[in-house]
4 protein chains.
Amino acid sequence: MSPDKMKQCMDECLRCMQACNHCYTSCLEEENLKMMKECIRLDRECADLCEFAAHAISINSSYISQICEACAEMCEKCGNECKKHDHDHCQQCAEACFRCAEACRAMVA
Amino acid sequence: MSPDKMKQCMDECLRCMQACNHCYTSCLEEENLKMMKECIRLDRECADLCEFAAHAISINSSYISQICEACAEMCEKCGNECKKHDHDHCQQCAEACFRCAEACRAMVA
Amino acid sequence: MSPDKMKQCMDECLRCMQACNHCYTSCLEEENLKMMKECIRLDRECADLCEFAAHAISINSSYISQICEACAEMCEKCGNECKKHDHDHCQQCAEACFRCAEACRAMVA
Amino acid sequence: MSPDKMKQCMDECLRCMQACNHCYTSCLEEENLKMMKECIRLDRECADLCEFAAHAISINSSYISQICEACAEMCEKCGNECKKHDHDHCQQCAEACFRCAEACRAMVA
């Protein structure tokens, strides 16, 4: 794994963590909570895994590949849910998720 | 995955996190730091992953299996390093690591 | 801080983390999501802080007191919200929160 | 707390987390481990708290102020240790620590 790709992946993970947590707190303020339920649930799961993936990279751990493979998969799942909703926070979150998934896959390739 | 096995795995992950962090702080106080270098490094990596595995189980996330597979592998690596050293904290940590690895493998089986 | 009180506090923090995350995932499955909104939000905040407090104790960090004071306050806030709701997961969470707040206060006293 | 100051603080916390963890892994590779012992210990404590402070801000939690006050203090302690050592990773870490401490204090002011 090249240091550049690791740094880029860590940056995308941290951006995605922020986008997911922003989407999470914003969804909890939406009128139609029932409709946002899956988004809330997946936002937290995704944010927490992105945060841990960035952590794993930052300590240069031996489990980076396994965590980033799981992270890519989770980001795609969360991005696919978020892009269904018109709210700005959901659309922005979907975009961050897909970018992060791509960076994770590029790093472990 | 049965709720019993998940609860047991979470408990072992949290015990292993504590044992690894106790071993980590104790190793940093040992006279021969050079000899404990790998132990220090692996203790932190293992503690952090065990903590996250317990977190993943506690929110019933969709990535439990992937995290716990990585955790089992990490615990074995850390346990194998710790068992080389005679210090009580190392021997106790090795034991916690092997128990945790077993619980992780039992859960994802 | 005595080692016994630290160990007891760490155990209560980890129990509270589990109770809060169980309440969080259960609340997201309740019919009346609107009514559970505050509970969901506080459960996650509280679970995350309890997890970090346990982490801080496990590495014997110099910020244990500050984190555990914040944790005691957060646990009381979360417990007060949870005890308003009749669901078993809310009642159990409230109990875990009040026990954890007490253990945090006992440790930093 | 203004959203701008919160975003700036979160960014500095994440930069400091990365600098501390880079310093931590680099210190473990230095010849004179004994001399780096305090640096290693404080780097991890500081990295973990910075990561949690960024997390607390990202979920807009009610304990941001308490965590960021503890974080400012920890960053100053870690920065003061790091700046004693001539290694690039130590000097860069000290700089990141002092910037983060300043951002934390500006936010809670």
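**View 1. The largest cavity of this predicted model has a volume of about 380 Å³.** Let's start inside the protein, where the model holds 5 cavities of 30 Å³ or more. The lining of the largest cavity consists of 16 residues. Lying nearest the cavity centre are Glu51(A), Phe52(A), Glu51(B), Glu51(C) and Glu51(D). Helix α2 (33-58) gives two or more residues to this lining from chain A, chain B, chain C and chain D.

View 2. Helix α2 of chain A provides the largest share of the lining, 3 residues. Along with α2 of chain A, helix α1 (3-27) of chain C supplies at least two lining residues. Sorted by class, the lining has 3 charged, 2 nonpolar and 1 polar residues.

**View 3. Helix α1 of chain A and helix α1 of chain D cross at roughly 145°.** Here we move to a pair of helices, each spanning residues 3-27, whose axes come within 12 Å. The crossing of α1(A) and α1(D) is right-handed. On the chain A side, the residues taking part are Lys7(A), Met10(A), Asp11(A), Leu14(A), Met17(A) and Gln18(A). They meet Lys7(D), Met10(D), Asp11(D), Leu14(D), Met17(D) and Gln18(D) in α1(D). The residues of this contact split into 6 nonpolar, 4 charged and 2 polar.

**View 4. Glu45(D) sits in helix α2 of chain D.** Is Glu45(D) buried or exposed? Glu45(D) counts as buried because its relative accessible area is 2%, and buried means under 20%. Have a look at its surroundings, leaving aside neighbours within four places in sequence: Glu45(D) is in contact with Ile59(C), Asn60(C), Ser61(C), Ser62(C) and Tyr63(C) from chain C. Met74(D), from chain D, is also in contact with Glu45(D).

**View 5. Cys78(A) lies in helix α3 (residues 64-82) of chain A.** With a relative accessible area of 0%, Cys78(A) is buried. Which residues does Cys78(A) touch, not counting residues up to four places away in sequence? Its contacts are Cys20(A), Cys46(A) and Cys97(A), together with Leu42(A) and Asp43(A). For a sense of scale, 15 Å separates the C-alpha atom of Cys78(A) from that of Met35(A), a residue 43 places away along the chain.

**View 6. Arg105(A) belongs to helix α4 (residues 88-108) of chain A.** Arg105(A) has a relative accessibility of 38%, so this residue counts as partly exposed. Not counting residues up to four places away in sequence, Arg105(A) touches Ala72(A), Glu73(A) and Glu76(A). Although 37 residues apart along the chain, Arg105(A) and Cys68(A) have C-alpha atoms separated by 7.4 Å.

Definitions and conventions: Residues numbered from 1 in each chain as written. Chains lettered and ligands numbered in written order. Predicted model: local features only at pLDDT ≥ 70, side-chain atom pairs only at ≥ 80, totals over all residues. Heavy atoms only, no water. 1 Å grid on protein atoms, 1.4 Å probe; cavity = no way out; pocket = protein on both sides within 12 Å on 5 of 7 lines; lining within 4 Å. Points joined across faces, edges and corners; volume = space filled by probe spheres on them. Helix = DSSP H or I, 4+ residues; strand = E, 2+ residues; numbered from the N terminus. Nonpolar A, V, L, I, M, F, W, Y, C, P; charged D, E, K, R; others polar. Axes fitted to C-alpha atoms, helices over the stretch in contact; angles between N-to-C directions. Left-handed = near helix turned anticlockwise from the far one by under 90°. Contact = heavy atoms within 4.5 Å. Buried < 20%, exposed > 50% of the residue type's maximum accessible area, 1.4 Å probe, protein only.
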